[in-house]
Amino acid sequence: MSATVTETSAPRWLGLWPAAMLMLFFLVPFAIMLAVSVAHRDQSGFYEWGFELDSYARFMSGFFAKVMAVSLSVSLSAAAICVAIAFPFTVFLAQMSNRTQTLVLVVLLSVLALSEVIIGFALSTLLSQTAGIGNLFHWLGLIAEPQAYTPSLFALITGLCYIGFPFAVLVLYPPVSRLDPEIVEAARVMGASGPRAFFGVIVPSLRGAIVGAFILVFVFTLGSYLLPQLLGRSEDWTLSVHITDQAVYQSNLPFAAAMSIFLMLVALALVGLASLAGRDRGAAA
Amino acid sequence: MSKALKLTYILIVLALLVLPLVVVAAVSLNGPQTLRFPPVEPSLHWYARLFTDSEWLVPLRHSLTIALCAAALAVAIALPLALYVWERRGVAVQLLTGMGLAPFALPPVISALGFMIFWMTVGGYGQIWATIISHGIFLVTLPLVTISLGLRGIDRSLIESARVMGANRWAVMRTVILPLLLPYIVSGYAFAFVLSLNEYIIAYMVAGFTVETLPVKIFNALRYGYTPILAVVSVLFVVMSALIFGLIGRFGNLPRLMGAERSQRD
Amino acid sequence: MTELRIDGVSKEFGSFRALDNVSLDIPNGKFVCLLGPSGCGKTTLLRVIAGLESPTAGRVHVGGEDQTELATHKRGMGMVFQSLALFPHLNVAENVTYPLTIRGVAKAERDARAEELLDLVRLPGMGARRIHQLSGGQRQRVAIARGLAISPKVFLLDEPLSALDAALREHMQIELRQIQQRLGVTTIVVTHDQKEALTMADLVIVMKDGVIQQAGAPMEVYHNPANAFVAGFIGTTNLIPCEVADGTISALGHTMPVVDGDRVAAGSGPAQLSVRPDHVLILPKGQGIPAEVTFLRDLGDSRQVMLNADGQELVANLPQGSDVQLTPGQHVGLDFRAGERVVVT
């Protein structure tokens, strides 16, 4: 196309500024982190440039394999619970009036935006001995003494579900709300009952979206850093916690960087899988 | 399933989401330094304390400064980026879009460590502007998504008609594209603002010991025992987030902003 | 005087050829309709004139000036888009005076001009309305007023009335024509509606596959189509394979002498005979070409008869007041009115 008369609305040079900013402050930090991950650790708390794979080798130890296993299984359970609750929630939400949808979205966004610190604090209060449901159960006569439910694995998974739920709904919301309501109506007209239409028509036609949402929530909860410390026991600490611990308290930057690179590869692979799942659906539709 | 049943399900889940916040709001009213529910000797004096005690005022000011500036930076990067990739395609465009979307898609601890090492290397570690830039880059994704959504909604013939009527590239931008994008720019800014305000790990790793933000301060305070003032701050955050998203919902089309493209019943 | 000259313009989108060596002279002050089926290149031609597409080959001259390379915003044209493209963030008056605002015209002058233009399109006092408060017809008028705001040399309209319902569309056709005549602005309208073209145009340009099939006055195009496509596209017609030889036309096993008024463009050999439904005469059985009545429909002001003559489908209009009684399945005879037969290739 000739440039003289048909032109784009934005000039080419407009891309330079964001490209420069993102390269300088996103790609360069990554490159440095990559370099640090193979640097030699200096006991004084810093590092010497070099090339060694010690940090990666250390990571392959049994202890960190266990940490990774804990991280993954905790996040997997939380993601599964989240999506199981969020999917029907989103389907029902999309059938509500625009006004109701807006209201619910405001609540969800507010919860989503809420700092993990505050969610951790709120949940630990709720699960505490003095102010929480232990108190309530005691008052109802269900248990003999008010009891604390935190820290525990249960509290941690509850917390992860709490932060993951709004995220799951918001990831599911676009495909669900674009689903043609006539598909369901057609199923109903042809005699499918409500649950049958739900499992027979809605779930299969959104299978890709569900898998995608599951993986994205999984990655999202995998990154949780504060909740494991606030709600979990030290054996429930996730990789994120260990990365920070190594970086800030153990001053072992190369090791922290190596773990970050590893976590990033896992996350990237999963996000890639999620987008594949999404594409699969596109091809089927 | 009937409409009422569906609504009930939605309300139950929402109630579970809101329940911890209600408990927090209630314990914020405790008179003595204790977290009891229901509260004892209800009083608002912890609220007064937040706004008079410099121990909390300084982090509050830090948080607001960082959020205001970082959200502005995020928009300043996202707007030209969205405009640039809008009518173009190719490898460079995809790379640029990917870089704009990546920070938010990865576990934040990765970006946090990256920023931390970066600022240690180039200088700036522990400075408030380092936190601002880090947040700005980290949150670019949000305005990028909202603005791209706005651009997708602009009818091409509006731009063509403006050009036929004598508007050059800059005039089209000024009189057509930017006014139509304004709601999306504002909501992108608001999203970035709220998330910066609540962000912990980057703020902590880039300048946690020198520039305490409210989330960092809360977490530090948690180690020395729970006091109602933590509940007060939490309530403040919840109210602020709800207010901002409420405003977006009131003046913008939140369902569309969240990706619903089917025409909505009202 | 030629206002607009299109000289050998071609436009390719990849391997698709939207315009194929189109040349055209449009005189000053004329109302021109670009007519054709969708995909014929009429909209592309309009966009080339506006500068929204640059031609692959050829030149565009406006008022004697070569504008082929001139940026769109410097051409000083008025245009109405199919979607109307009214700015949702501006009110009616701001929309109408947008071209003036862009040119830095003072506020007072703009306000006066807005009033003048809104009077012209019969929307007096509506300047402060928002676009979404207007009806479809009112939006149409705002778009027309906006296109005329700078008194453009050329006024372009791309399927401007296609979104309106039938009654309003006919009304707007007449109004648009009246406005154009009052202002004397050279106007080019793209349309796929042949009736619209016949109603409004001084000059009809029929296009197909990126090529101009015929350019002429509406009645010229109607009565004297250049080819079978034009004959079929403008109005309803019957196209029948025929053979021309020695001053006769043979069709459906029937040979007719060519008389004064018949238009035979082709030489001798196979061609097509075009006869309008008004000129298909129905005779008693046994006379003329034998045919069978297949369907009858009453359109209120006229009656239409569908016929089958040896496998050839034909349409005839029964004249007003005709009391001929027909039923489907009935056998009749046919003839084509002498002097109204057109042979095209």
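Biologist: Why is the contact between Arg341(C) and Asp262(C) called a salt bridge?

Modeller: The term asks for a side-chain nitrogen of Lys or Arg within 4 Å of a carboxyl oxygen of Asp or Glu. The closest N and O atoms of Arg341(C) and Asp262(C) are 2.8 Å apart, so the pair meets the rule.

Biologist: What makes Arg341(C) and Asp262(C) a pair that ties parts together?

Modeller: Arg341(C) lies in the loop between strands E20 (331–336) and E21 (342–344), and Asp262(C) in the loop between strands E13 (254–257) and E14 (263–264), so parts that are 79 residues apart in sequence are tied together. The elements themselves are DSSP runs numbered from the N terminus, helices being H or I with at least four residues and strands E with at least two.

This is a predicted model, in which local features need pLDDT of at least 70 and side-chain atom pairs count only at pLDDT 80 or more, whereas totals for chains, interfaces and linings use all residues. Residues are numbered from 1 along each chain as its sequence is written, chains are lettered from A and ligands numbered from 1 in the order in which they are written, and side-chain values use heavy atoms, with hydrogens and water left out.

Biologist: How do you know whether Arg341(C) is buried or exposed, and Asp262(C) likewise?

Modeller: With a 1.4 Å probe and protein chains only, buried means under 20% relative accessible area, exposed over 50%, and partly exposed in between. Arg341(C) has a relative accessibility of 4% and therefore counts as buried, and Asp262(C), at 10%, counts as buried too. Elsewhere, salt bridges that share partners join Glu160(B), Arg47(C) and Glu53(C) into one network.

Biologist: What makes the pair of Glu69(C) and Arg59(C) a salt bridge?

Modeller: Their closest N and O atoms are 3.9 Å apart, which is within the limit for the term. Glu69(C) lies in the loop between strand E5 (65–66) and E6, and Arg59(C) in strand E4 (residues 57–62), so the pair ties together parts that are 10 residues apart in sequence. Glu69(C), at 46% relative accessible area, is partly exposed, and so is Arg59(C), at 32%.

Biologist: Why is helix H8 (residues 156–164) of chain B called largely enclosed?

Modeller: Of the 9 residues of H8(B), 8 are buried, so the helix is largely enclosed by the rest of the structure. Glu160(B) and Arg163(B) are among the buried residues. The cover includes helices H3 (54–86) and H9 (169–198) of chain B, together with elements of chain C, one of them helix H5 (136–147). Just after H8(B), Gly166(B) takes a positive phi of about 110°.

Biologist: What makes His242(A) a buried residue?

Modeller: His242(A) has a relative accessible area of 8% and is therefore buried. His242(A) lies in helix H12 (residues 239–249) of chain A. Leaving aside neighbours within four places in sequence, its contacts (heavy atoms within 4.5 Å) include Phe63(A), Trp237(A) and Met259(A).
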